[in-house]
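Biologist: Before we go through the assignments, could you take me from each value to the word that is used for it? Here is what we are looking at.

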Amino acid sequence: MLAEKSAPKTGENTWLWLLKIGSGLLILTILIIHYIVNHFIGEEILLTYDEILRYYSNPIVPIMEGIFLIFVVVHALLGLRSIVLDLRPTRAVLRVINGVFGLVGVVSIVYGIWLLVVIASRGSAG
Amino acid sequence: MGTPIWKITCQVYRQKDGESAHYDEFVMEADPEEYVLDVVERIWAFHDRSLVFRHACHHSTCGACGMRVDGVEKLTCITPIREVTRDGGTIKIDPMRNFPVVSDLVVDMGLFYRRMEEVGHQPVLPVNEAGVIEKSRRPKDRDGQELLRLADCIECGLCISACPIAVTNPNYLGPAVLAGAQQNGLDRDPHLLEMVDNEDGVWRCHSVYECTAVCPSYVEPAWRIMDLRKQVMKARFKRLFQPERK
Amino acid sequence: MGESLRKPTTRAWMQAWFDPRRRDLGTFAFVLNRITALGLTLYLFLHLIMLGNLARGPEAYEQFLTTIEHPVFVFGEYLVVLAGLIHGFNGIRVALTSFGIGVPYQKRIFVAMMVIAAAAGIIFGVRMLTV
């Protein structure tokens, strides 16, 4: 029976997929805001160091950018994982991939949030 | 008088046990209104009796004659010559993709048929349940008897051949199987949930829609996969809030 | 039940995914989405690393800004914008159809989405690539 052969599949399920689609749509909306702020509000096409500090001193901003960061990283890694799944990894390889992607995700998010905190605090201080 | 006879070249995929695959060329005369399957049959009858191919009803009901013509999946009994080539043209005839080749143009459909049975694809449906795609206009039953009709899917396998995901992943259930699961329905058969809610089931689909493009029988497998996703999501949400229910 | 599932050869795989001849629009959408996904992911991690320059202070950041004024970088950024547009708009189509919305028109939705992406791409191109 195919159901027995496949046993408990952890590869992909409703929730992971909903997370991917949901994060994708959320990214689209925040991306527009993120892009407009970074490229259309300042004097030049790119914000200067001081403009960035001023932008991030408003507490709403690091929160929004933080949410943006989390969802982008989640979406990207889930997507990469989907591509890997298309190549039929064995259970063992999939576990390793899950571990590696999980690690990369956590490190990226922690690093990103650290950056946000640094910039935001500089903004309020200076 | 009548339609002119064309001269076409057919490059036919050949593979016998133990040999490597190659193409044999046959120059055939063909009426543009006749079908690719007819030409293949004539190749067999008059040129090479060792050519192996599958065919039965010759009117798109049995699903036996699926092949690839110039790389595109076709049900060859209803594919006229004029649709795939012109006078003096060349066509390449290959077996379907994503199935093991048994001999020449015949592929092993065993696993596929078993999967169709696993998901409980209903070969016969009450007419009332038909027309899933348009708004149902329920026909009246005569004499209180339920009118039945054959299901759309003829299990020809063309959709599986066309699916790019099935190329890299033979474990992927594939459009026909998932469409069969959708048609059966999670309501009727809740144990299907485990079978399709995983990385070899509904979530492996990448919305390519090649399956619907090549289906000769209006099954619309891509739509059914999306509908099956809705059924799966509904079932999962229900379980979240009512974990003890069946 | 030992059936041999035919293992795909690399050639079969490449042909299936990258041969656009006589394949339907959907394959094109799928391949585009995948390529842009990989490009955007690469950009994401580069972007995160480059943002470290902000933490190193204004001098490091200004230095970085002058580096990326080079036309190669500008063009690269334009490609990222294009990739984002294509991936995002096709993603809308995938999200819609996955919830059963607009499935009979999915091809038209794809074309419409790509037209919007192309239009936006031209606007961005003019803004970014002309001095």
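Modeller: In this predicted model, helix H4(A) passes helix H2(C) in a left-handed crossing. The contact is made on one side by Val72(A), Ala76(A), Gly79(A), Leu80(A) and Ile83(A), and on the other by Arg34(C), Ala37(C), Thr41(C) and Leu44(C).

Biologist: Why are H4(A) and H2(C) called oblique to each other?

Modeller: The axes of H4(A), residues 60–86, and H2(C), residues 25–55, cross at roughly 135°. Roughly perpendicular covers 65 to 115 degrees and roughly antiparallel needs an angle over 145, so the pair is classed as oblique. Two packed helices are described by the distance between their axes as well as by the angle, and here the axes come within 10 Å.

Biologist: What makes up the contact of H4(A) with H2(C), in terms of nonpolar, polar and charged residues?

Modeller: The residues of that contact divide into 6 nonpolar, 2 polar and 1 charged. Arg counts as charged, whereas Gly is placed among the polar residues.

Biologist: How do you know that Asp104(B) counts as buried?

Modeller: A residue is buried if 20 or more other C-beta atoms lie within 10 Å of its own, and Asp104(B) has 23 such neighbours, so it counts as buried. Asp104(B) lies in the loop between strand E6 (101–103) and strand E7 (106–107) of chain B, and although it is not a glycine, its phi is positive, at about 50°.

Biologist: What makes Ser207(B) buried or exposed?

Modeller: With 22 other C-beta atoms within 10 Å, Ser207(B) is therefore buried, given the cut-off of 20. Ser207(B) is found in the loop between helix H7 (192–196) and helix H8 (210–214) of chain B, and its phi, near 55°, is a positive value in a residue other than glycine.

Biologist: How does the span of helix H4 of chain C, residues 71–98, compare with what is expected?

Modeller: Helix H4(C) has 28 residues and reaches 40 Å from its first C-alpha to its last, which is close to the 40 Å expected at 1.5 Å a residue. Just after H4(C), Gly100(C) takes a positive phi of about 85°.

Biologist: What is the secondary structure of chain C, and what percentage of its residues are buried?

Modeller: Chain C comes to 5 helices and 0 strands, and along the sequence its pattern reads α-α-α-α-α. Of its 131 residues, 25% are buried. Among contacts in chain C between residues at least 6 apart in sequence, 64% join residues at least 24 apart.

How values were computed:
Residues numbered from 1 in each chain as written. Chains lettered and ligands numbered in written order. Predicted model: local features only at pLDDT ≥ 70, side-chain atom pairs only at ≥ 80, totals over all residues. Helix = DSSP H or I, 4+ residues; strand = E, 2+ residues; numbered from the N terminus. Buried ≥ 20, exposed ≤ 12 C-beta atoms within 10 Å, placed from the backbone. Expected span 1.5 Å × (residues − 1). Contact = placed C-beta atoms within 7 Å. Axes fitted to C-alpha atoms, helices over the stretch in contact; angles between N-to-C directions. Parallel < 35°, antiparallel > 145°, perpendicular 65-115°, else oblique. Left-handed = near helix turned anticlockwise from the far one by under 90°.
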